[in-house]
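Below is a short briefing for someone new to this structure. Please look over the sequence and the model before reading on.

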Amino acid sequence: MNTDVVIVPTGTANTASVIAAFRRLGAEPRSAGNPEEIRDTDYVVLPGVGAFGAAMERIDEEGFRETLVDRIEDGRPTLAICLGMQLLGEKSDESPSVSGLGVVPESVTRLPQDLTVPQIGWNRVIPDPRSRFLDLGWAYFANSYKLSTVPDGWVGAQTEYGGEFTSAIERGDVLACQFHPELSGSWGADLLRRWLDGAESRS
Amino acid sequence: MAAPRLIPCLDVKDGRVVKGIRFQNLRDAGDPVAQAAMYQDQGADEIVILDVSATPEGRGHAVETTASVRQVLSIPLTVGGGVRKVEDALALLEAGADKVAVNTAAVQRPELIAELADRFGSQCTVLAVDAAQRTDGDWEVVVHGGRTRTGRNVERWVRSAAARGAGEILLTSWDRDGTRSGYDIDLIEAVTAAVDIPVIASGGADNADHLEDALSSGATAVLIASILHDGVTTVGSLKRQLLANGTEVRP
């Protein structure tokens with residue numbers, strides 16, 4: 001089976017771990033070169049490490065915004081990871097003057113100041129029982145910002161770090177995770193597998 | 001809350017895992033890919049690879065080792081050793097590291113920390129600090145595998161590193177490294193009081209009680225090496241003991 005997966009180059013992201021994780025699942029990940037690839041490929045991954053503003057700037061420079069918004073609105077197989085999930089929001093405290101993709105009517109805010117930030121480590125993910133992809137388990141996080149609520153029309157998961165935050169959301173074949181599934185051991189690999197399989201069974 | 005992490009550390013020299021006492025008398029401890037995979041299977045929460053050949057000999061095989069380990073590893077990987085500039089870190093990140101640790105080069109040129117944090121983010125930027133206790137009780141930063149004392153105060157150094165954008169401190173007690181006599185709890189308390197970013201305690205672990213002591217003193221993660229490499233215990237066994245004693249870890 002040749003499962004094509006394209007990874008959106010957000011410039012700041014370290015994608016080697018994402019590529020290695022998909023290869024272990026038998027998929028063939030590569031970096032997207034142009035907006036058409038994001039439109040035409042079955043599986044798209046929006047990774048993200050680094051700053052909200054820098055990543056959106058790169059997405060706009062490359063002309064990826066419209067095709068990304070379209071496929072997320074259409075519920076086509078799209079996986080957003082960490083900062084990638086935050087980019088779905090309208091804006092972020094991290095880069096207040098920058099517009100996100102806006103497919104989720106939410107603002108991204110900082111984790112509580114009185115805690116160790118960034119949150120670096122493994123934490124519990126507690127999904128809504130209606131989730132198709134998400135499962136109860138431990139995931140690896142490295143984040144200073146987060147979404148606080150599950151938007152209407154989406155199903156989500158919660159995680160506790162000085163109060164609950166939204167650690168993942170899914171709608172159609174779109175899955176967005178604040179944690180790193182590619183670094184979350186066998187639990188994360190199983191999640192990536194369900195996303196590939198589940199999305200395939202509907203296409 | 002995030003669970004404390006148990007992190008096996010592989011000191012790698014010329015592509016092989018080595019272990020010594022106080023960074024000296026290195027002995028062969030195996031193949032890094034096989035060891036990383038084994039510790040992952042035991043339940044390790046992350047792997048740290050430090051290329052110990054990089055600083056003294058000016059060279060390392062860290063990029064190749066990183067790429068090979070990444071293929072088998074589905075947990076976070078931090079790599080350090082010989083990172084002197086942004087390009088060195090980029091090569092490691094592109095090979096598959098999730099975080100990069102800097103040590104000697106940051107002491108020599110502290111701006112390196114800000115350069116890495118600006119380019120890759122704080123969550124990618126780990127400051128490794130080797131601390132030796134002085135006769136007056138304070139801790140001093142040592143570099144070049146402990147051969148050079150810098151006179152720099154450890155608490156002031158970590159505070160300035162955090163202000164420059166370091167996202168995590170990997171704190172090694174030079175006095176305890178490889179001795180299996182327990183972590184330097186006073187050092188952990190001093191450093192975790194000085195900064196709000198996560199601190200990984202390193203140097204001296206012998207048993208689960210030592211890990212618990214470090215974690216209850218403010219460390220958010222513990223580095224383990226000798227007792228794993230020598231087959232004294234496993235990550236799984238340490239985690240079971242921690243859980244039995246009421247310290248929540250990822251099972």
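Which residues of H7(B) meet which residues of H8(B)? In H7(B), B:Val154, B:Glu155, B:Val158 and B:Arg159 meet B:Ala190, B:Val191 and B:Ala194 of H8(B). This is a predicted model, in which local features need pLDDT of at least 70 and side-chain atom pairs count only at pLDDT 80 or more, while totals for chains, interfaces and linings use all residues. Residues are numbered from 1 along each chain as its sequence is written, and chains are lettered from A and ligands numbered from 1 in the order in which they are written.

**Helix pair in chain B**

- Helices (H or I, at least four residues) and strands (E, at least two) are DSSP runs, numbered from the N terminus.
- The axes of H7(B), residues 154-164, and H8(B), residues 185-194, come within 9 Å and cross at roughly 35°; axes are lines fitted to C-alpha atoms, for helices over the stretch in contact, and angles run from 0 to 180 degrees between N-to-C directions.
- The crossing of H7(B) with H8(B) is right-handed, a term used when the near helix is turned clockwise from the far one by less than a right angle.
- The contact of H7(B) with H8(B) has five nonpolar, no polar and two charged residues; Ala, Val, Leu, Ile, Met, Phe, Trp, Tyr, Cys and Pro count as nonpolar, Asp, Glu, Lys and Arg as charged, and the others, Gly among them, as polar.

**Core and buried residues**

- The largest nonpolar core has 147 residues, of which B:Val100, B:Ile169 and B:Val222 touch the most other members; such a core is a set of buried Ala, Val, Leu, Ile, Met, Phe, Trp, Tyr and Cys residues joined through C-beta atoms within 7 Å.
- B:Pro32 lies in helix H1(B), residues 32-42.
- B:Pro32 counts as buried because it has 24 C-beta neighbours inside 10 Å; the cut-off for buried is 20 or more other C-beta atoms within 10 Å, with 12 or fewer for exposed and partly exposed in between.
- Leaving aside neighbours within four places in sequence, the contacts of B:Pro32 are B:Leu10, B:Val12, B:Val17, B:Ile49, B:Thr65 and B:Val69.
- B:Val12 is 20 residues from B:Pro32 along the chain, and their C-alpha atoms are separated by 7.4 Å.

**Sheets in chain A**

- Nine strands form an open sheet with mixed pairing, in the order S2-S1-S3-S4-S12-S11-S10-S7-S8; two strands pair if DSSP finds at least two bridges between them.
- S2(A), 27-31, and S8(A), 137-143, each have a single partner strand, so one side of each is left without a neighbour in the sheet.
- From one strand to the next, the twist averages 25°.
- Four bridges join S11(A), residues 164-171, to S12(A), residues 174-177, in the antiparallel sense, and A:Glu170 stands opposite A:Leu175 in S12(A).
- Helix H1(A), residues 16-24, lies across S1(A), S2(A) and S3(A), running at about 160° to S2(A).
- A separate listing gives an open sheet of three strands, S5-S6-S9, also with mixed pairing.

**Contact between the chains**

- Chain B and chain A each give 28 residues to the contact.
- On the side of chain B that touches chain A, H4(B) gives the most, with three residues.

How values were computed. Two residues are in contact if their C-beta atoms, placed from the backbone, lie within 7 Å.
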